[in-house]
Amino acid sequence: MAKAKFSVVFPIIFLIMFALAEDCMGCQVMLGDCRKCGIRCSSYGRHAEAHCDYRYEGGACICDFPCNPPPNL
């Protein structure tokens, strides 16, 4: 009987954890080259983080931010 309860509880816990993790995921946008990357990214809010990804030719500005409605630019 204990094994049957465990087999039901474990998938439920897993699904709850998956749902919570999805809510914590942020959004990401590419904003062109790396010049003034931080300034452009700051328009996405105070929790936005800018970094340059040099895997792209010349570098690309990547902005990570919480998924809220997009800003008015």
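**Notebook: the disulfides**

I began with the link of Cys 41 and Cys 63, which is right-handed, with 70° about the S-S bond. Cys 41 lies in helix 2 and Cys 63 in strand 3, so this pair ties together parts that are 22 residues apart in sequence; helices (H or I, at least four residues) and strands (E, at least two) are DSSP runs, numbered from the N terminus. The two sulfurs are 1.9 Å apart, and I took a disulfide to be a pair of cysteine sulfur atoms within 2.5 Å.

I noted that this is a predicted model, in which local features need pLDDT of at least 70 and side-chain atom pairs count only at pLDDT 80 or more, while totals for chains, interfaces and linings use all residues. Residues are numbered from 1 along each chain as its sequence is written, and side-chain values use heavy atoms, with hydrogens and water left out.

I then looked up accessibility, where buried means under 20% relative accessible area, exposed over 50%, and partly exposed in between (1.4 Å probe, protein chains only). Cys 41 is buried at 1%, and Cys 63 is buried at 0%.

Next I turned to Cys 37 and Cys 61, whose sulfur atoms are 2.0 Å apart in a disulfide. Cys 37 is in helix 2 (residues 37-41) and Cys 61 is in strand 3, so the pair ties together parts that are 24 residues apart in sequence.

For Cys 27 and Cys 67, I found a torsion of about 115° about the S-S bond, so this disulfide is right-handed. Cys 27 is partly exposed at 26%, and Cys 67 is partly exposed at 42%.

Finally, I recorded a count of four disulfides.
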